[in-house]
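Q: I'm new to this one. Can you walk me through what is on the screen?
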Amino acid sequence: MYKRIMVAVDESFMTDQVLHAAIELAQVTGAKLAICHAIDETILAQREVAMMLPNSVGKTEARLRLGAQAFLDRLAATARAVGVDAEVRIVESEQKHVSDMLIEAAAEWQADLLVVGTHGRRGIERYFVGSAAERLVRKAQVSLLLVRGEEPDV
């Protein structure tokens, strides 16, 4: 079945649910797992931001990378604790959409399944925010597992 599963995570309420779905599938199939996080640097690449924060954009990018690495290391430890062979990947771009970065990462790692969460946004919020999962469904060449979730009530 699946030999190489990549799971895309962000630091949202969906992370645990998406990670556990990927871990369970990796356990059942004996697959290797890559835990991937995309850093969207498009806002930092905008000329206006660079002009307002000329000395801090690089520092901000470095902090994003360090935070992402620590986040992914914790998730990989969770997978390894239950016997799943896991590695971490950080992808980033100042120009590409998150979905494009994930498609490229999955292809580069030769994943045969990409597991992603879908936040369940509806209506006007979805129109303005968009959906990486939706873009992946349209563009990805690899099989996808969408883990559906609803934002918790607050």
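This is a predicted model: local features need pLDDT of at least 70, side-chain atom pairs count only at pLDDT 80 or more; totals for chains, interfaces and linings use all residues.

Q: Where is Thr118 found?
A: Thr118 is in strand β4.

Q: Is Thr118 buried or exposed?
A: Buried. The relative accessibility of Thr118 is 17%, and buried means under 20%.

Q: Let's zoom out. How many helices and strands does the protein chain have?
A: Seven helices and five strands.

Q: What pattern do they follow along the sequence?
A: The protein chain reads β-α-β-α-α-α-β-α-β-α-α-β.

Q: How much of the protein chain counts as buried?
A: The protein chain has 154 residues, and 38% of them count as buried.

Q: And contacts along the chain? Take residues at least 6 apart in sequence: what share of their contacts join residues at least 24 apart?
A: That share is 78%.

Q: Now the inside. How many residues are in the largest nonpolar core?
A: The largest nonpolar core has 23 residues. Those with the most contacts inside it are Ile5, Val7, Val9, Leu33, Ile35, Leu75 and Val115.

Q: Which elements give two or more residues to this core?
A: Strands β1 (4–8), β2 (32–40) and β4 (113–118) do, along with helices α1 (15–29) and α4 (57–81).

Q: Which one gives the largest share?
A: That is α1, with six residues.

Q: Pick out Ile35 for me. What is it in contact with, leaving aside neighbours within four places in sequence?
A: Ile35 contacts Val7, Val9, Leu19, Leu72, Leu75, Ala76, Ala86, Glu87, Val88 and Arg89.

Q: What about a second core: which residues does it include?
A: The second core is separate and has 19 residues. Among them are Met101, Ala105, Trp109 and Val116.

Q: Switching to helices. At what angle do α5 and α7 pack?
A: Helix α5 (residues 98–109) and helix α7 (residues 132–139) pack at about 50 degrees. Their axes are 9 Å apart. The two helices are therefore oblique to each other.

Q: Left-handed or right-handed crossing?
A: Right-handed, as α5 passes α7.

Q: Which residues make the contact?
A: From α5, they are Val98, Ser99, Asp100, Leu102 and Ile103. From α7, they are Ala132, Arg135, Leu136 and Lys139.

Q: How do those divide into nonpolar, polar and charged?
A: Five are nonpolar, one is polar and three are charged.

Q: Tell me about Ser99. Buried or exposed?
A: Ser99 is buried, with a relative accessible area of 0%. Beyond residues up to four places away in sequence, Ser99 touches Ala132, Arg135 and Leu136.

Q: One last stop, Gln110. Where is it found?
A: Gln110 is in the loop between α5 and β4.

Q: Buried or exposed?
A: Exposed. Gln110 has a relative accessible area of 58%.

Q: What is the phi of Gln110?
A: Positive, about 60 degrees, although Gln110 is not a glycine. Most residues other than glycine have a negative phi.

Q: And how far is Gln110 from Lys3, in sequence and in space?
A: Gln110 and Lys3 are 107 residues apart in sequence. In space they are 9.6 Å apart, C-alpha to C-alpha.

Technical notes: Residues are numbered from 1 along each chain as its sequence is written. Side-chain values use heavy atoms; hydrogens and water are left out. Axes are lines fitted to C-alpha atoms, for helices over the stretch in contact, and angles run from 0 to 180 degrees between N-to-C directions. Helices (H or I, at least four residues) and strands (E, at least two) are DSSP runs, numbered from the N terminus. Angles under 35 degrees count as roughly parallel, over 145 as roughly antiparallel, 65 to 115 as roughly perpendicular and the rest as oblique. A crossing is left-handed if the near helix is turned anticlockwise from the far one by less than a right angle, and right-handed if clockwise. Contact means heavy atoms within 4.5 Å. Ala, Val, Leu, Ile, Met, Phe, Trp, Tyr, Cys and Pro count as nonpolar, Asp, Glu, Lys and Arg as charged, and the others, Gly among them, as polar. A nonpolar core is a set of buried Ala, Val, Leu, Ile, Met, Phe, Trp, Tyr and Cys residues joined through side-chain atoms within 4.5 Å. Buried means under 20% relative accessible area, exposed over 50%, partly exposed in between (1.4 Å probe, protein chains only).
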